[in-house]
Amino acid sequence: GTCAFQECPTMELTKACTKWNHQLKSVEELPSVIDQAFHVAMTGRRGPVLIDLPKDVVSSTVSREDIPEFVPPKETHTTGRRYEGDIRAVARLINGANKPVFIFGNGTVDCADEVRKVVEASNAPACTTLHAMGVFPETHPLSMHMLGMHGAAYANLAVQDSDLIIGVGNRFDDRTLGIISKYAPQARLAESEGRGGIIHFNIDPTQFGKTIRPTMTIVGDCQPALQELLPLLEHRPRTEWHQQINTWKEQYPFKYQKTGNGLIKTQQVIHEIYSQTKHRDDKFVTTGVGNHQMMTCQFYRWTQPRQILSSGSLGTMGVGLPFAIGAQMANPGALVILIDGDSSFNMTCNELYSVAKHNLPIKMAIMNDGRQQMVYVWQKLFFDKRYIATSNANPDFC
């Protein structure tokens, strides 16, 4: 509080973007605070934590032997289970639905096996959010890939026509909802008739009703909830529903037009990268934020969770290279590919120092179109072509 060199209000600045933060008051509390930080970060809905280390504290030495230890609180579950909710009522709705759709979110990345078994047992189509791509293999006939603003048209059409939407580990955020008042009309009709609606599984109860009102909720860990749901499900043919979705897939596939002048499009590059790497299971793809990111979601088929590392709701440009560095260092023998836009890459390209220092074999593909393309398109469509700060003066990336 004395305006010392490089002093800043760390706690105040990070409160809004962390799950928990703490400022050390003495060096003796450091071991217990670190243990507490990991506990908070990994318990419940996972999230970032921060420990502020004042210079005077970290420069001091421990002068006592009875250093306090962190004792995590005991988990309490009133029913003896790791979730709360009427799973049998959920099963009855799924079994009775004619047009069910599963939406899987980031909360399911640790239970891909349960996800696949539940989808196949119910014979219901499934789509995912960006972070959950690969939780259910996108090569599976029941997969509708990613939904939302930049997702598959057939997934969005299916959600709108569905009589029962089952969201598991997702947030029902604005990028997947669109206009809330017009969202899921058939599910709302089915809800009013007692034969469907919107079911929401989430470990964080504050997510329920934040954007849309669910018909039924299951709060807690998705994995044990899906495990108990599985034996209650009935396999129904739902022939007409699957035929309709397959028709939409044929009518509205992800596609692009090649240029007539021989120039390569971003979609072509991404599709070729997929064609040459799809046989490998030990791969990670990272992206920045923008058009290249969404096209990577669209033209790569994801078969395992965490194959893509990208920034979701925060939309942080420049994360691609740091994410690639982390993935490669954590998985030294894996194939790590950075698919980046020129604008995103420019924001953190100083991290090439880390790549060189640690001799990391990261493969980098920079989509160099000389502009912040997604913002440019929005300025073109919604701001009467008033282009501001979207053209780049790039170095020679080669």
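**Briefing: cores, cavities and selected residues of a predicted model**

Asparagine 359 is exposed, with a relative accessible area of 68%; exposed means over 50%, buried under 20% and partly exposed in between (1.4 Å probe, protein chains only). The structure is a predicted model, in which local features need pLDDT of at least 70, side-chain atom pairs count only at pLDDT 80 or more, and totals for chains, interfaces and linings use all residues. Residues are numbered from 1 along each chain as its sequence is written, and side-chain values use heavy atoms, with hydrogens and water left out.

**Positive phi values**

- Most residues other than glycine have a negative phi.
- Asparagine 359 has a positive phi near 55° although it is not a glycine.
- Asparagine 359 sits in the loop between α15 (352-357) and β13 (363-367); helices (H or I, at least four residues) and strands (E, at least two) are DSSP runs, numbered from the N terminus.
- Aspartate 384, likewise a residue other than glycine, has a positive phi near 55°.
- Aspartate 384 belongs to the segment after α16 (373-382) and, at 62% relative accessibility, counts as exposed.

**Nonpolar cores**

- In soluble globular proteins, nonpolar side chains tend to be buried together.
- The largest nonpolar core has 33 residues, of which Phe102, Phe201 and Leu229 touch the most other members; such a core is a set of buried Ala, Val, Leu, Ile, Met, Phe, Trp, Tyr and Cys residues joined through side-chain atoms within 4.5 Å.
- At least two residues of this core come from each of α4 (87-96), β4 (100-104), α5 (112-122), β7 (164-168), β8 (197-202), β9 (216-220) and α9 (222-229).
- Helix α4 gives the most to this core, with six residues.
- Not counting residues up to four places away in sequence, phenylalanine 102 touches Ile94, Val118, Val119, Ser122, Ala124, Pro125, Ala126, Cys127, Ile166 and Val168, where contact means heavy atoms within 4.5 Å.
- Another core lies apart from this one and has 21 residues, among them Ile103, Met144, Tyr154 and Ala187.

**Helix α8**

- The buried residues of helix α8 (residues 185-192) are Ala187, Ala190 and Glu191.
- These residues are on the same side of α8 because they cover an arc of only 105° around the axis; the arc is that of the directions from the helix axis to the C-beta atoms.
- The buried residues of α8 pack against β7 and β8.

**Cavities and a pocket**

- On a 1 Å grid over the protein atoms alone, a cavity is a set of points where a 1.4 Å probe fits but cannot get out, and a pocket is an open set with protein on both sides within 12 Å along at least five of seven lines; lining residues have an atom within 4 Å of a point.
- Two cavities of 30 Å³ or more are counted by this rule; grid points are joined across faces, edges and corners, and a volume is the space filled by probe spheres set on the points.
- The largest cavity has a volume of about 40 Å³, and its lining includes Arg171, Phe172, Ile198 and His200.
- Five nonpolar, four polar and one charged residue make up the lining of the largest cavity; Ala, Val, Leu, Ile, Met, Phe, Trp, Tyr, Cys and Pro count as nonpolar, Asp, Glu, Lys and Arg as charged, and the others, Gly among them, as polar.
- The second largest cavity holds about 30 Å³ of space and is lined by Ile103, Thr129, Asn170, Arg171, Phe172, Asp173 and Thr176.

- Proline 100 is placed in strand β4 and, at 0% relative accessibility, counts as buried.
- Leaving aside neighbours within four places in sequence, proline 100 is in contact with Ala124, Pro125, Ser162, Asp163, Leu164, Ile166, Arg238 and Trp241.
- Arginine 236 is found in the loop between α9 and α10 (239-251); at 24% relative accessibility, arginine 236 counts as partly exposed.
- Leaving aside neighbours within four places in sequence, arginine 236 is in contact with Asn95, Gly96, Ala97, Asn98, Ser122 and Asn123.
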